[in-house]
Amino acid sequence: MNLGWFLIPALGGYWFLKNYNGTRYGILRESGYHVFFRAAFVGGLLAAVARLIDLFLYWSVPCSIEFIESYAPFPYSSTAILSVLLAVSLPYVLNRRYSKTKAAHQIARDSGDLVELLIAESIQQRKLVELSLRSGKSYIGLARESGIMSHGESDIALVPVISGYRHKESQELKITFN
């Protein structure tokens, strides 16, 4: 078996990780090698399941495998094609039970990102949040979106309602613009 054959399931594993809500936000926070090995592992699992389906189809309907291998005539081409089909279709099936917001909250909880959880809660309940910068400037407003769902980091889009500053010594909030 050619080592290049493993590239196809690894790409399928990456597609699965990027599109399944349960893993989509977690891999945004990981480094390149971790993502690569995780994609190869998931792709290997999908290839193993595809191989089992392939063997079942070969024993029950032998002409289906012969038909596939006539168009892609390299060894285990039917298994590779089935693993890619599994990788493309499974996220859409599994995402029906696991929403994007639930997945983002779970990643924030697992990583201990309390700021992200606070932002998500304020978005859901439409409550005001206050952001204070190092310079002392403070903004109070409605959080519109958080960064974990777009690029895996704790960023916030805020619609400011009130702004002001905090006194250096007492940290008392002084409103300057309403």
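Student: Before that, what kind of model is it, and how are the residues numbered?

Tutor: This is a predicted model: local features need pLDDT of at least 70, side-chain atom pairs count only at pLDDT 80 or more, and totals for chains, interfaces and linings use all residues. Residues are numbered from 1 along each chain as its sequence is written, and side-chain values use heavy atoms, with hydrogens and water left out.

Student: Ok, how many salt bridges does the structure hold?

Tutor: The structure holds 3 salt bridges. The term means a side-chain nitrogen of Lys or Arg within 4 Å of a carboxyl oxygen of Asp or Glu.

Student: Which residue does Arg51 form a salt bridge with?

Tutor: Its partner is Asp54, and the closest N and O atoms are 2.8 Å apart. Both residues lie in helix α3 (residues 32-60), 3 residues apart, which is about one turn of the helix. Helices here are DSSP runs of H or I with at least four residues, strands are runs of E with at least two, and they're numbered from the N terminus.

Student: Asp54: buried or exposed?

Tutor: Asp54 counts as buried because its relative accessibility is 4%. Arg51, at 29%, counts as partly exposed. The cut-offs: buried is under 20% relative accessible area, exposed is over 50%, and partly exposed is in between (1.4 Å probe, protein chains only).

Student: And what does Arg166 meet in a salt bridge?

Tutor: The side chain of Arg166 meets that of Glu130, at 2.8 Å from N to O. That pair links distant parts of the chain: Arg166 is in strand β3 and Glu130 in strand β1, 36 residues apart. Arg166 is partly exposed at 23% relative accessibility, and Glu130 is partly exposed at 34%.

Student: What about Lys174?

Tutor: Lys174 forms a salt bridge with Glu172, with 3.5 Å between the closest N and O atoms. Lys174 is partly exposed at 32% relative accessibility, and Glu172 is partly exposed too, with a relative accessible area of 43%.

Student: Back to β3. How does it pair with β4?

Tutor: Strand β3 (residues 156-166) and strand β4 (residues 173-177) pair in the antiparallel sense over 4 bridges. Two strands count as paired if DSSP finds at least two bridges between them. Arg166 turns up again here, standing opposite Leu173 in β4.

Student: And what do the two strands form?

Tutor: They form a hairpin, with 6 residues between them. In the turn, Gln171 has a positive phi of about 60 degrees, although it is not a glycine. Gln171 counts as partly exposed, at 44% relative accessibility.

Student: New topic! How many aromatic pairs are there?

Tutor: The count comes to 2 aromatic pairs. The rule is that rings of Phe, Tyr and Trp (its six-membered ring) pair if their centres lie within 6.5 Å; planes under 30 degrees apart are stacked, over 60 edge-to-face, and the rest tilted. Phe16 and Tyr20 are stacked because their ring centres are 5.4 Å apart and their planes are at 25 degrees. Phe16 and Tyr20 are both buried.

Student: And Phe36 with Phe37?

Tutor: Those two are edge-to-face, 5.3 Å centre to centre with 70 degrees between the planes. Phe36 and Phe37 are both exposed.

Student: Last one: which residues form the nonpolar patch on the surface?

Tutor: Trp15, Val84, Val88 and Tyr92 form it, with about 340 Å² of accessible area together. Patches are made of residues with over 30% relative accessible area and no salt bridge, joining like charges within 9 Å and nonpolar side chains (Val, Leu, Ile, Met, Phe, Trp, Tyr) within 5 Å. Accessible areas come from the Shrake-Rupley method with a 1.4 Å probe, and for residues only the protein chains shown count as cover. Helix α5 (residues 77-94) gives the most to the patch, with 3 residues. Val84 lies in helix α5 and is partly exposed at 31% relative accessibility.
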